[in-house]
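Hi,

Here is the structure I promised to pass on. Have a look at it first, and then read my notes below.

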Amino acid sequence: MTLAQRARLRAGLVMAPPLMWVLVFLFVPYLITFAYSFYAKQFPTFVPDFQFGNYQQLVEDSQYYRVLFRTLKIAAATAVLALVLAYPLAYFLVFKVRSPSLRAVLYMATIVPLWVSYLLRAYTWKTILGSEGVLNSFLIWSGISSEPSEWFLYSQFSMVITLTYIFIPFMVMPIYTALEKVPRNLVEASKDLGVGPIRSFVRVVLPLSMPGVIAGITFTFCLSFGDFIAPFLVGGPDGAMVATVIQSQFGAALNWPLGSALSIVMLVLVLTIISLSDHMERSGRLDLA
Amino acid sequence: MASETQSIDSAKPLRLWRGGGKLPWADWSLGLYAAGVMAFLYLPIAVLILFSFNDNRSMSLPLKDFTWRWYEAFLANEDMLEAIGNSLYVASIATTITCLIGVPAALALDRYNFPGKAAFRRAVLLPIALPGIITGISMLNMAKMLGVNLSLETVIAGHATALVSIVVTQVYARLQRFNRRLEEASADLGVGPIRTFWRVTMPNIKSAIIGSALLSFTLSFDEIPVTFFLTGRDNTLPMYIYSTMRRGITPEINAVGTVIILVSLVLIVLSVVLLRDRSDKA
């Protein structure tokens with residue numbers, strides 16, 4: 001074997017396992033799901049077919065519309081709330097905390113919860129917001145209210161709070177990174193030119209941090225859009241989200257083709273949002289060049 | 001410029017943050033707001049831990065006596081212990097696979113050109129932003145088509161697929177900063193490519209591999225959306241907790257949750273330290 005041949009063989013050996021894995025466990029499953037979405041339901045399972053009945057059902061039956069609309073609304077509310085909470089925090093850490101080591105510790109403290117058990121973090125909100133939960137018992141104990149409120153739990157409010165809590169580090173991370181990249185001398189220059197702090201922020205810092213904001217919104221929106229743990233734990237009877245409906249098609253409702261069609265709809269929606277935001281981030285970057 | 005800011009910083013070493021500008025009240029309210037957000041992040045975790053020691057079946061205030069009984073209950077709960085064992089098994093094998101797949105994938109993305117590279121990169125990274133349910137459903141569909149029975153092994157395949165992106169991104173980032181001249185020097189000295197990899201490249205990316213492995217272990221141990229669809233008769237710990245939540249919530253969940261959170265915190269902090277960009281510190 002020549003050296004070039006050996007090098008090529010080595011490259012092939014390095015690339016083969018990951019390529020095979022991605023092919024077998026990512027592309028093929030997506031293709032199968034796509035194929036299943038055209039299959040026909042036949043109790044108790046389903047049979048191969050090529051028909052658009054499942055997609056037709058999603059379009060014609062208004063309950064899927066309502067669930068989709070509700071999910072979009074909750075995911076959007078989560079993204080907005082997360083942004084409102086995360087941006088000032090990230091800004092404070094980057095621009096106001098003087099000591100670099102304190103900043104590093106605080107930043108780490110902000111993103112560490114991201115990796116701590118997703119289920120337990122959702123569960124703890126159930127114990128906080130429940131009618132016999134921490135919040136209600138606190139309100140009664142302290143005399144602020146006389147009766148437990150059912151309103152906190154099993155509502156869209158509780159879902160937005162819980163989802164925000166779960167996914168907010170995904171908002172802090174990209175915004176923090178974007179703010180760190182804002183050249184300090186630009187901020188100084190703006191100050192030197194007599195521009196007030198609020199206008200410097202609006203005209204200099206905010207536009208430069210937009211790529212981070214867009215990335216954060218994309219992450220929190222897409223992840224809460226596809227969540228089914230929060231609706232299960234803290235969502236009410238009218239709290240079903242798209243992922244809840246998918247889950248039930250593969251469980252109690254036993255309609256895998258319809259569930260597959262709904263998964264494909266979700267996949268396409270999420271991919272569209274991701275590539276849109278990719279595009280926006282890139283065009284934002286081009287503006288700066 | 002960095003030294004300049006440092007000299008300004010060191011002039012007033014006692015002040016922790018930059019206040020006292022044109023808008024001191026704005027700085028103070030921003031600080032308060034940031035503290036409030038941090039409280040929002042940690043209060044729920046504190047509540048979870050607090051009620052694991054509270055001698056009351058219902059989780060309401062005021063607190064009652066301190067107790068270990070919820071910890072005793074979960075340590076005596078054989079189903080739960082079995083689920084913990086299953087989770088440890090799944091997380092260790094899945095993490096091993098993510099490293100075996102992720103490190104070569106990062107190497108391939110860093111130094112080789114091959115047809116479909118862009119698609120490959122997108123596919124590997126997709127599971128980070130994609131809701132877990134899609135990964136879970138599509139692998140369930142594949143298992144169904146192939147007639148594979150669901151088991152802990154299908155869960156392992158699902159976790160490895162969902163988490164490989166963590167290893168790829170971290171190791172790739174480290175490789176990008178790695179000075180390729182070192183490898184060239186090693187080759188010039190007559191060291192073969194395989195030994196060069198182990199003696200030169202590996203020591204430089206080792207901490208990134210260990211860090212991302214710890215992260216992927218923690219995430220696999222706690223994973224639920226993929227596990228939900230791929231598990232057979234054996235439950236992992238999060239699935240066991242999920243199914244007990246159907247029947248109602250008990251402080252026993254808080255007790256096992258406290259243990260999970262504390263162990264995860266240690267692993268994650270360790271991993272974040274290992275993954276940190278060394279050049280930041282310089």
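In what kind of crossing does α11(A) pass α6(B), left-handed or right-handed? The crossing is left-handed, a word used if the near helix is turned anticlockwise from the far one by less than a right angle (right-handed if clockwise). The contact is made by Ala243(A), Ile246(A) and Phe250(A) of α11(A), together with Ile133(B), Ile137(B) and Leu140(B) of α6(B). "In contact" is used for two residues whose C-beta atoms, placed from the backbone, lie within 7 Å. By class, this contact has six nonpolar, no polar and no charged residues. For those classes, Ala, Val, Leu, Ile, Met, Phe, Trp, Tyr, Cys and Pro count as nonpolar, Asp, Glu, Lys and Arg as charged, and the others, Gly among them, as polar.

Before going on, some housekeeping. This is a predicted model, where local features need pLDDT of at least 70 and side-chain atom pairs count only at pLDDT 80 or more, while totals for chains, interfaces and linings use all residues. Residues are numbered from 1 along each chain as its sequence is written, and chains are lettered from A and ligands numbered from 1 in the order in which they are written. Helices (H or I, at least four residues) and strands (E, at least two) are DSSP runs, numbered from the N terminus.

Now for another helix pair. Helix α3 (residues 62-96) of chain A packs against helix α2 (residues 24-51) of chain B at an angle of about 120 degrees, and their axes are 9 Å apart. Axes here are lines fitted to C-alpha atoms, for helices over the stretch in contact, with angles from 0 to 180 degrees between N-to-C directions. α3(A) and α2(B) are therefore oblique to each other (under 35 degrees counts as roughly parallel, over 145 as roughly antiparallel, 65 to 115 as roughly perpendicular and the rest as oblique). Their crossing is left-handed. On the α3(A) side, the residues that meet α2(B) include Leu85(A) and Phe92(A). This contact has nine nonpolar, one polar and two charged residues.

How many residues of chain A are in contact with chain B? There are 72, and they touch 74 residues of chain B. Helix α1 (residues 3-36) of chain A gives the most to the chain A side, with 18 residues. That side divides into 53 nonpolar, 12 polar and seven charged residues.

As for chain B itself, it has 13 helices and zero strands. Buried residues make up 41% of its 282 residues. A residue is buried if 20 or more other C-beta atoms lie within 10 Å of its own, exposed if 12 or fewer, and partly exposed in between, with C-beta atoms placed from the backbone.

Next, the inside. The largest nonpolar core has 158 residues, and those with the most contacts inside it are Ala86(A), Ala90(A) and Ile175(A). (A nonpolar core is a set of buried Ala, Val, Leu, Ile, Met, Phe, Trp, Tyr and Cys residues joined through C-beta atoms within 7 Å.) Helix α7 (residues 156-181) of chain A gives the most to this core, with 16 residues.

His279(A), in helix α12 (residues 256-288) of chain A, counts as exposed because it has 11 C-beta neighbours inside 10 Å. Val47(A) is in strand β2 (residues 45-47) of chain A and is exposed too, with 9 other C-beta atoms within 10 Å.

Cheers
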